Amino acid sequence: MSFLKVALSNLRRNPVRSLLTGLSLAVSAATLSVVLSLDQGYSSAVTDDLVNNTGVHLYITKEGCPIEAASVIAQGGLSPLYVEEDIVTRIQGMPELDAVMPFKLFAVTTDDGSRTDIFMGVTEAVRSIKPDWRFAAGGWFTSDDSVILGAEMARIEYLAVGDRMYSEHFDREFVVSGLLERNYSQDDGTFFLPLHTAQAMVGREGKLSAVAIKLNDISNMDYIQTRLRAMMPPDYFIIGSKELSDGILEFFGATRAIMFVMVAVAFVISVFGIINTMLMAVLERRREIAYLKCVGAGKYDLIRLISLETAAIAVMGSTFGAAVGMLLSPLSGNLLRKFLVAYVPSGAIARPDMGIALTAFALCTFIGVACSLYPAFRAAKIVPMEVLRNE
Amino acid sequence: MNNGSVIELENVSKDYRRGSETVHALRDVSLAVTPGEYVAVVGHSGSGKTTLMNIMGCLDRPSRGRVILDGQEVHEKTEAGLTRLRRSAIGFVFQQFFLIPTLSVLENVSLPSLFVGKPSNGRAGELLEMVGLGNRLHHLPNQLSGGEMQRVAIARSLINAPPILLADEPTGNLDSRNADMIMKIFEQLNQEGVTVVVVTHNQDIVKRCRRKVHIEDGRIET
């Protein structure tokens with residue numbers, strides 16, 4: 001005989017009510033797990049794409065919101081912001097720079113909106129600035145009409161080296177010169193073109209989306225940034241890849257806030273559900289609790305008993321909810337990917353792990369037990385004589 | 001007043017507020033119960049019997065007067081002190097049995113021992129043997145008759161070996177055969193030295209008690 005045994009036996013009195021209370025906490029735990037997985041996953045995916053998996057340390061862009069530009073491109077548009085190509089020759093001789101990659105980025109969306117293709121015009125500098133940009137087959141552009149396919153595009157288009165690819169939008173045929181190895185970045189879903197071909201296709205000769213720069217020594221970043229800024233026209237930005245990634249994550253902040261509001265709503269519903277259930281359980285058993293006090297149950301015995309009942313529900317509900325959340329996270333990541341407009345990272349958007357599961361479990365269990373305190377104190381305050389006389 | 005009393009009430013009054021009205025449930029009651037006594041408290045409904053039992057059982061405090069239980073001054077005790085006193089000195093039996101429906105008979109009996117930190121299934125089993133339910137240890141309360149449930153409640157009231165047993169209408173819900181069985185158990189306990197105080201309307205029970213205390217309008221009538 002123990003307090004836990006008595007508490008568990010009390011839960012069996014109304015199993016449906018205990019189950020529903022546990023489920024309300026499970027919903028909270030699952031929602032929290034999913035949201036934490038998405039939050040952590042999206043941040044990691046964006047940082048991987050823009051910082052960890054690229055050799056780019058700095059970008060030169062035109063003044064304006066780079067996030068807005070990314071959004072325009074992602075939706076199949078052409079960014080109104082561009083930098084002049086001649087700046088490349090101005091900075092190329094700087095000894096502190098390991099590589100300078102000018103690029104032109106644009107996207108084309110089909111009329112029915114079902115597909116968006118991303119095109120990137122590059123020079124050979126891409127090979128030194130992107131460490132994992134390696135050919136699985138074929139090689140560099142052989143002519144102005146050459147195209148190199150990212151691994152995913154090669155799979156979707158079912159094309160091999162030497163095959164011809166027709167672009168209906170541009171009414172132009174390309175020859176596949178190379179296929180890239182999969183590197184789990186945005187490169188997988190990109191068509192790479194010679195820089196000048198890409199510029200001509202959108203009527204922006206001599207214009208670049210941005211210039212990507214790899215430094216010899218990253219500790220010089222601030223100094224180089226200051227020097228480059230001095231060399232550039234006043235309406236040009238020198239932005240670090242980390243700043244760019246932080247900017248995108250800041251843009252994601254609104255979505256993040258909505259997700260956490262959902263979690264908060266789920267918690268509020270659970271809190272009221274648990275308090276209501278435990279209060280009902282206490283009120284239904286007033287006479288029995290009064291009797292327990294008669295036979296020597298102290299205030300803390302009753303608080304312990306009611307808290308253990310709630311803790312048992314909370315542990316079961318939170319465990320189940322955290323497990324379901326872990327299973328649902330990848331699905332919700334795929335769902336979120338369809339609605340993201342600012343920046344869709346190439347890696348997994350939801351990244352569930354044991355830490356998230358434990359956080360969701362611990363927080364929901366804590367909230368569950370905390371909710372028991374009011375009903376438990378109500379039970380402890382029952383005056384046996386009044387209950388036994390009046391009820 | 002007898003200094004060897006196990007229960008001693010000295011000029012005890014108890015007033016309640018009911019709306020704007022003050023109810024005088026007990027008026028200047030003095031009573032001493034010595035160890036090993038078998039007392040019936042009788043009176044009409046509303047005469048103050050239950051209030052008297054609640055005060056004797058430390059479930060309520062008097063408005064005025066002194067209560068000494070098992071040698072300890074009740075009015076000096078904190079709420080926690082009264083709880084400890086109830087645990088060690090008093091066993092309660094009510095008209096309703098208050099058994100926990102999801103615990104077995106054995107677990108119900110040993111439940112009060114949990115609150116003293118010494119859960120004892122062994123003693124619970126012995127007590128159930130004593131009340132004739134040794135073969136029903138693992139049954140649930142809903143598998144028992146009313147008389148059996150009251151016998152479980154009696155066994156439970158004795159788990160912490162209290163010197164005093166307070167019973168409020170213990171046979172009120174039972175037929176005459178079961179009521180007789182319960183009274184025999186009380187008599188046996190009394191013979192073993194337990195002080196038994198029974199609040200009742202039942203004249204058959206009153207006749208079997210060795211002392212009768214009649215209460216009317218909150219006063220003990222001699």
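Helix 1 of chain A passes helix 12 of chain A in a right-handed crossing, a crossing being right-handed if the near helix is turned clockwise from the far one by less than a right angle, and left-handed if anticlockwise. Helices here are DSSP runs of H or I with at least four residues, and strands are E runs of at least two, numbered from the N terminus. On the side of helix 1 of chain A, the contact (heavy atoms within 4.5 Å) includes F3(A), L4(A) and V6(A); among the residues of helix 12 of chain A that take part are L305(A), L308(A) and I313(A). By class, this contact has eleven nonpolar, one polar and three charged residues. Ala, Val, Leu, Ile, Met, Phe, Trp, Tyr, Cys and Pro count as nonpolar, Asp, Glu, Lys and Arg as charged, and the others, Gly among them, as polar.

The model is predicted: local features need pLDDT of at least 70 and side-chain atom pairs count only at pLDDT 80 or more, whereas totals for chains, interfaces and linings use all residues. Residues are numbered from 1 along each chain as its sequence is written, chains are lettered from A and ligands numbered from 1 in the order in which they are written, and side-chain values use heavy atoms, with hydrogens and water left out.

Helix 1 of chain A also meets helix 3 of chain B. The two axis geometries are listed below; axes are lines fitted to C-alpha atoms, for helices over the stretch in contact, and angles run from 0 to 180 degrees between N-to-C directions.

| Helix pair | Axes come within | Crossing angle |
|---|---|---|
| Helix 1 (3–11) of chain A, helix 12 (299–339) of chain A | 9 Å | roughly 60° |
| Helix 1 (3–11) of chain A, helix 3 (105–115) of chain B | 11 Å | roughly 130° |

Helix 1 of chain A passes helix 3 of chain B in a left-handed crossing. F3(A), K5(A) and V6(A) meet E107(B), L111(B), L114(B) and F115(B).

The automatic or database domain assignment gives chain A domain 1 (3–47 + 253–390) and domain 2 (64–234).

Chain B holds an open sheet of six strands in the order 6-7-8-3-9-10, with mixed pairing. Strand 6 (90–93) and strand 10 (219–221) stand at the edges with a single partner strand each, so one side of each is left without a neighbour in the sheet. From one strand to the next, the twist averages 25°. Strands 7 (164–168) and 8 (195–199) of chain B pair in the parallel sense over five bridges, pairing requiring at least two DSSP bridges. A167(B) has V198(B) as its bridge partner in strand 8 of chain B.
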